Amino acid sequence: MSDPRQPDAVGPTGSSKADLDADIAIEEPGAVSPETEGAEEDARATAGGAVAAQPTDVPPPSRWHSTLHQITTGNAIISVLAVLLALLVGAIMIAFTDERVQEASGYFFARPGDTFLAIWESVSGAYSALFQGSVYNFRRDDFISGIRPLTETLTFATPLIAGGLGVGLAFRVGMFNIGGRGQMLIAASVAGWLAFGFDLPWGIHMLVALLGGLIGGALWAGIAGALKARTGAHEVIVTIMLNYVAFYLVSWMLRTPGLLQAPGSSNPKTPAMKETAIFPALLGPQFNLHFGFILVVVATVIVWWILSRSSLGFRFRAVGENPNAARVAGINVPSMYIYAMLISGALLGLAGVSQVLGTVTTGFTAGIDAGIGFDAITVALLGRSTPWGIFIAGILFGAFKAGGFSMQAAEGVPIEIVLVVQSLIVLFIAAPPLVRTIFRLPDPASPKRRPVPNVTQEVKAK
Amino acid sequence: MSTAVQHPAPAPQVVALDTTVVTSWKAPIAFAIFTLLAIALAVFAPQDGDTTFRLSTQSDVIQLPEITVPTMPTLWITIVLLALATAYSAMLVASKRRVPVWLVVVFAVLFMFGFLTWAASGAAIPVIGLLFGSLSLAVPLIYGSLAGVLGERVGVINIAIEGQLLAGAFTAAVVASITGQPILGLIAAMVAGMLVGMVLAAFAIKYFVDQVIVGVVLNVLVVGLTSFFFSQVLAPNAAALNTPPRFERLPIPVLSEIPIIGPVLFRQTLVVYLMYVAVALVYFGLFHTKWGLRLRAVGEHPQAADTVGIKVNRTRFWNVALAGAIAGLGGTFFTIGSGIAFNKEMTAGAGFIALAAVIFGQWDPIKATLAALLFGFASNLQNTLSVIGSPVPSEFMLMLPYVVTIFAVAGLVGKVRGPAAAGKPYIKS
């Protein structure tokens, strides 16, 4: 997913412990340029016990050889094969649970062709529905309605990318923000309240609601950051607990007249957002794609800039790699935790705001987060906590989501198959040696070019 | 606090060690906050009337009398006691001594008593039902936290507890429905949890994948798999595949007649009795056997363990598998333990609460069990109070356990330190 030559393409330094910085087995030693320390460590980890190749000792191989080597051992092929493998497992599940297949397999030995035909029909039907629901629908007459699924994909991807950026940024600082749900709910509530409760001119209203939501999400996550910085409370516990607190708080506000509940209604639901606050549609009213997507693109650029071009991002990454070393180097580690959680919460807040002001503008319930806070973790993992990796991963997962719904509608395949495929993709991508073993690809650290030292060592032990 | 670090200059370091005790001002501050909270309840939302505590059920042999107290005087007396406890803890800290654990427990019990008296004014609190339900709700959390403790002690972070619980619940429901034997469902659930644990172990140990990643992803995978099979297979054939029999309650002959304790602890199902055994075994095994010593050595310093001939990765693999089996056993509570059919995502985040209990309990099986019991109590408190009618909106009661946890983690526990090598793969070359 991420550019293998990008020097800062370290894996998610995620942890439920501050000192857990295992971005191990993520990067391919054959593909990363060995100038950076992070890459060397990855190489050491992935090589299955071999310490990193020492590039200076090895004569440079021919260009053809190295190109071929990179293709067969690089990140890209692993990613593609991981997706293929995951889809294959999904196909097996679809085939085995399909009624037509079960029927035909009853007389398998009499007419085996029927079984294979039924398998082919169920699997190809499901996957073509997935494709037509997420990229391009060939059954439509004109291009405009044919391309609609792609815009749906981007609409679904919008909060996933924003949330993934938030979780990924926290990963890079060595923190695990499981609190996406709570941060999204608080942000959505603040933004929604500003959007339906006030009358402001067009544009300003939207900005006020957006900013309010971002601040709400940031402060909610900031509680966890501040508690970690001041008292050492573990952010995993605090963010999980804040999820529940936010959920019940929002549920209470939604059913209390005068707070978030729609006037004259007894349902726990807010009134519709005012026209002046709603994100404008990007491609006209027949598409659902809204301004939130632009915001997410901007957020991706900003996060990229923060992480790889700003001094704050340098300090973030230093703390994420090794908080003790960062402290010795004069970095104020506690305040980095607070800043990181504030930014992370604002990004998850953006996910919540884009839900209420863009996707569901007719009023929301306590289920507005739609599990995106947890999906964001998978997106961040698939994107390896790099901004553009997360961007692509978010679009991929958005496609699965958009396609999954049409697959369920058209073929009756439960949408949960998408969860299985998504999680398998992340699992396979995280374990390149497994994918290489299955497809018999060459090991990037081939034995000829790798000295095997006779030492025992623990990776990144402190 | 290791002495090895202070070796070069022992004398001044000892003095420095004494002064570090000052940092625990958190406990008095937390106590003060809770005392103020109680005062706020008494001042701003006074309740008239009496509160009754019902200490026996109808079927008990030994009947205890009901205790009825006037609400407001009792609350004020409790507040005075809370204030005294706060002052005592402040005095202890001021004289550079630690706040003992028993004081925290006494304070918590007092606060709960005061709160219950206030919340249930004019009604009767079924104490037995409250405690019984607390234990029941804590069952999957305790199993889950035992699994988490084992995993982290051996050096593998187990975020997949949620997945293991769910896999256990699913398999138990299906196998028990097909065979009609809950005990077979229980075994199948252990196998299912073990399989999830083995996948976690294989990816973490053989392929060196970040353990947090594998854990999170396995949770999603199990949710996806179980929900898919539920929608596709179980829902259309619910009668054959998803009507699990339930474990019967087995009152233990003499013990179950002890007042209060008996009905709460000894009129439970097999799943709960197995839990008592599991907690005891894990505690004893972890701290008093060769197995536990090796396990902890692998989790703290794998290189040293390897040097003395312990097979690090093998130890990790089988103990993570064992942890998975324990969590899978806990998953049976949701289906055959309660006689409920399987449903999508029915564990509803219990695995994450169990994870919080592991950290809250500082990676100790007994403390983690107590933390899980606290969560169970808080959840059931809401159920009980919503039945008898309470002045607080139910959402705030539901919120309470989580708020208390945040306070407790920030105020009392503070910075916790897990096993040193948890989360790090061990690579031997």
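## Contacts of A:P387

In this predicted model, A:P387 touches A:L165, A:T300, A:V303, A:W304 and A:L307, leaving aside residues up to four places away in sequence. A:P387 itself belongs to helix α16 of chain A. The separation from A:L165 is 222 residues along the sequence, yet the two C-alpha atoms are 6.3 Å apart in space.

A:P387 has 24 C-beta neighbours inside 10 Å; because 20 or more are required for the class, A:P387 counts as buried.

## Helix α11 of chain A

Helix α11 of chain A runs over residues 292–309. The buried residues of α11(A) are A:G292, A:F293, A:L295, A:V296, A:A299, A:T300, A:V303, A:I306 and A:L307. These residues cover an arc of only 145 degrees around the axis, which puts them on the same side of α11(A).

## Chain A as a whole

Chain A contains 18 helices and one strand. Of its 462 residues, 55% are buried. Considering contacts in chain A between residues at least 6 apart in sequence, 73% join residues at least 24 apart.

## Domains of chain B

Chain B is divided into two domains, domain 1 (23–126) and domain 2 (136–365). Taken over C-alpha atoms, the centres of domain 1 and domain 2 of chain B are separated by 34 Å. Contact between them involves seven residues of domain 1 of chain B and four residues of domain 2 of chain B. On the domain 1 side, the touching residues comprise four nonpolar, two polar and one charged.

## Positive phi angles in chain B

B:E345 is not a glycine, yet it has a positive phi of about 45 degrees. B:E345 is located in the loop between α14 (312–331) and α15 (350–360) of chain B. With 15 other C-beta atoms within 10 Å, B:E345 is partly exposed.

B:Q362, also a residue other than glycine, has a positive phi near 50 degrees. The loop between α15 and α16 (365–388) of chain B holds B:Q362. Its 14 C-beta neighbours inside 10 Å make B:Q362 partly exposed.

## Confidence of the prediction

The predictor assigns the complex an ipTM of 0.77 and a pTM of 0.78. For chain B, the mean pLDDT is 83, and 91% of the residues reach 70 or more.

Where pLDDT is low, the predicted coordinates should not be read in detail.

Technical notes
Residues are numbered from 1 along each chain as its sequence is written. Chains are lettered from A and ligands numbered from 1 in the order in which they are written. This is a predicted model: local features need pLDDT of at least 70, side-chain atom pairs count only at pLDDT 80 or more; totals for chains, interfaces and linings use all residues. Helices (H or I, at least four residues) and strands (E, at least two) are DSSP runs, numbered from the N terminus. The expected span of a helix is 1.5 Å times one less than its number of residues. A residue is buried if 20 or more other C-beta atoms lie within 10 Å of its own, exposed if 12 or fewer, and partly exposed in between; C-beta atoms are placed from the backbone. The arc is that of the directions from the helix axis to the C-beta atoms. pLDDT is the predictor's confidence in each residue, from 0 to 100. Domain bounds come from an automatic or database domain assignment. Two residues are in contact if their C-beta atoms, placed from the backbone, lie within 7 Å. Ala, Val, Leu, Ile, Met, Phe, Trp, Tyr, Cys and Pro count as nonpolar, Asp, Glu, Lys and Arg as charged, and the others, Gly among them, as polar.
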